[in-house]
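This briefing concerns the structure shown below. Please keep the sequence and the 3D view at hand while reading the points that follow.

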Amino acid sequence: MDFFFIITSLLKIVGILFVVILPMVSYAVYAERRVSAFIQDRLGPNRVGPAGLFQPIADMFKLLLKEDFTPRAANTFYYWLAPCLAVMPAIITIAVVPFGSTLFGVPMVIADVNVGILFVFAIASLGVYGIVIGGWASNSKYPFLGGIRSSAQMLSYELSLGLAVVPVFMVVGNLRLTSVVLYQIGHGWFIAPFVGDWMNPWKWLLAVPMLISFFVFMIAVFAETNRLPFDLPEAEQELAGGYNTEYSSMKFALYFLGEYAAMITGSAVIVTLFFGGWHFPGIPDGSHGWIFGLINIAVFFTKVAAVIFVFMWVRWTLPRFRYDQLMRLGWLFFFEIALVNIFLVAAILPYSSRL
Amino acid sequence: MAVTVPRPRLNWRERLYLPAIVAGLAITFKHFKNMLLGRTKVTMQYPEQKWDSSLPDHYRGAPALVRDEDGRVRCVACQLCEFICPPRAIKIISGEIPSADRFAKVEKFPEAFDIDMIRCIFCGMCEEVCPEQAIFLRKDYAITGFTRADMVHHKEKLLEIGGVMHGVVLKWNEKK
């Protein structure tokens, strides 16, 4: 572990966190408001700065200046801990996701661990603690119900989330996320294998279970990040705001930050697994010049933004599921579909890899 | 009596939900696209654009006092508006017109005429009840103030909003 590695890693951590992820989170909130407004034939925030682009800054100041209130009955330690626990996993998860090829010979991934996707699941599932502890420590019935719903929901969808990606790694033969991207560069994106030996019919047959896998994974990510149609933990109409009812000021903002950071991380994982990561047909990787390295990073985050748009689009289209429907859907449909899908891929795989 | 609501039998396509979800997504995307391309025009950018020009003639805005063509405040302080006002927003202190004045036979004039715009409900009953056609509801709707005291329109303010109005009540005109 040499000095150069430590310096570049630090630069990558600071760069990705403070230059990309945190601004992206605040502008995801802005985008959410604008997209929802446009879908509902409204305009949304357009007053602060050109087209309302400084709205996140104004929001941040508003939230900072609000009274940071702790209810007397709350368990203070856990009450303060919970918002941090909500943000932390979402931000840590991004560490293993390759967000670019190479820049000046440095691989654009913070930690290229060989257990990539396992790390993602291990850390992302910690996100439930922020919500459960927050709901419990608030010592109030609505946050409590929100926390309980959240734990049950996340446990149910963790299964289909994990099973849905198994086919991807059966094809790649490696858990490292960078090798998933490299495989897709050679053989085409998993949901649209146009590059490489795209004339091979077995490969197109493989694209069908990959598509199923993608849909199940996407829906499971919706449930994991508590987005509508699965936002039961914070069902405003039923729970008066859910787990964050008792929170105010920056603690409330941290919950929001965590939710949107989880959404960005989820989108980044979806892009890496199914949409070829930073790869775009015709654009070479960073070894051909630093400008291509930057373009690769831009391509990755453009794809992430597109997936985030889908998240918002779905949120403002579908109504919320009832709780029993949610559980039924998770345990009786997605779990089975993901399981059958694995066998399907296993049946196709020997033929597709022959060519 | 219990009413059994008939549940429709769904066929397998409807039970799959996916066509409905796709149709819903298409609808919301159509709205998003039309808004993005500026085809949907529903929101008025209020402080920049105003709807003053499209206000109807019968619009009921802020009540105001008017002067007649001789420059006299038409109000004769009869206090009918004060009595009819449902939220009791109007306060009138009447004064006597000195006998040397040209309009001495009017006898009374409002020394103070206050309308509390926090209380006013823009019902227009003051305008309806006024025998002198002295109080009218104008088209001013953006009534603002920093304090409660600011929101009380005094006589000067009311006359400023009202301006001059020629009416059919001419009984105080010396020429007739």
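In this predicted model, Ile264(A) touches Ile21(A), Met24(A), Val25(A), Ala28(A), Val304(A) and Ile308(A), when residues up to four places away in sequence are not counted. Ile264(A) is also one of the residues that touch the most other members of the largest nonpolar core.

**Nonpolar cores**

- The largest nonpolar core has 103 residues, and those touching the most other members are Phe217(A), Ala220(A), Ala261(A), Ile264(A) and Ile270(A).
- Helix H10 of chain A, residues 249-274, supplies the largest share of this core, with 16 residues.
- Another core lies apart from it and consists of 24 residues, including Cys75(B), Ala77(B), Ala89(B) and Ile135(B).
- As a general background, nonpolar side chains tend to be buried together in soluble globular proteins.

**Helices H1 and H10 of chain A**

- Helix H1 of chain A (residues 3-39) packs against H10(A) at an angle of about 105 degrees, and their axes are 9 Å apart.
- Because angles of 65 to 115 degrees count as roughly perpendicular, H1(A) is described as roughly perpendicular to H10(A).
- On the H1(A) side, the residues that meet H10(A) are Ile21(A), Met24(A), Val25(A), Ala28(A) and Val29(A).
- On the H10(A) side, the contact involves Phe256(A), Leu257(A), Tyr260(A), Ala261(A), Met263(A) and Ile264(A).
- By class, this contact of H1(A) with H10(A) has 11 nonpolar, no polar and no charged residues.

**Helices H3 and H4 of chain A**

- Helix H3 (residues 76-93) and helix H4 (residues 116-124), both of chain A, pack at an angle of about 170 degrees, with their axes 9 Å apart.
- Since an angle over 145 degrees counts as roughly antiparallel, H3(A) is roughly antiparallel to H4(A).
- Pro89(A), Ile92(A) and Thr93(A) of H3(A) meet Val120(A), Ile123(A) and Ala124(A) of H4(A).
- The residues of the contact between H3(A) and H4(A) comprise 5 nonpolar, 1 polar and no charged.

**Contact between the chains**

- In the contact between the two chains, 12 residues of chain B touch 10 residues of chain A.
- The side of chain B that touches chain A is made up of 7 nonpolar, 5 polar and no charged residues.

**Domains of chain B**

- Chain B is divided into domain 1, covering 12-42, and domain 2, covering 56-162.
- The C-alpha centres of domain 1 and domain 2 of chain B are 53 Å apart.

Terms used: Residues numbered from 1 in each chain as written. Chains lettered and ligands numbered in written order. Predicted model: local features only at pLDDT ≥ 70, side-chain atom pairs only at ≥ 80, totals over all residues. Axes fitted to C-alpha atoms, helices over the stretch in contact; angles between N-to-C directions. Helix = DSSP H or I, 4+ residues; strand = E, 2+ residues; numbered from the N terminus. Parallel < 35°, antiparallel > 145°, perpendicular 65-115°, else oblique. Contact = placed C-beta atoms within 7 Å. Nonpolar A, V, L, I, M, F, W, Y, C, P; charged D, E, K, R; others polar. Core = buried A, V, L, I, M, F, W, Y, C linked by C-beta atoms within 7 Å. Buried ≥ 20, exposed ≤ 12 C-beta atoms within 10 Å, placed from the backbone. Domains from an automatic or database assignment.
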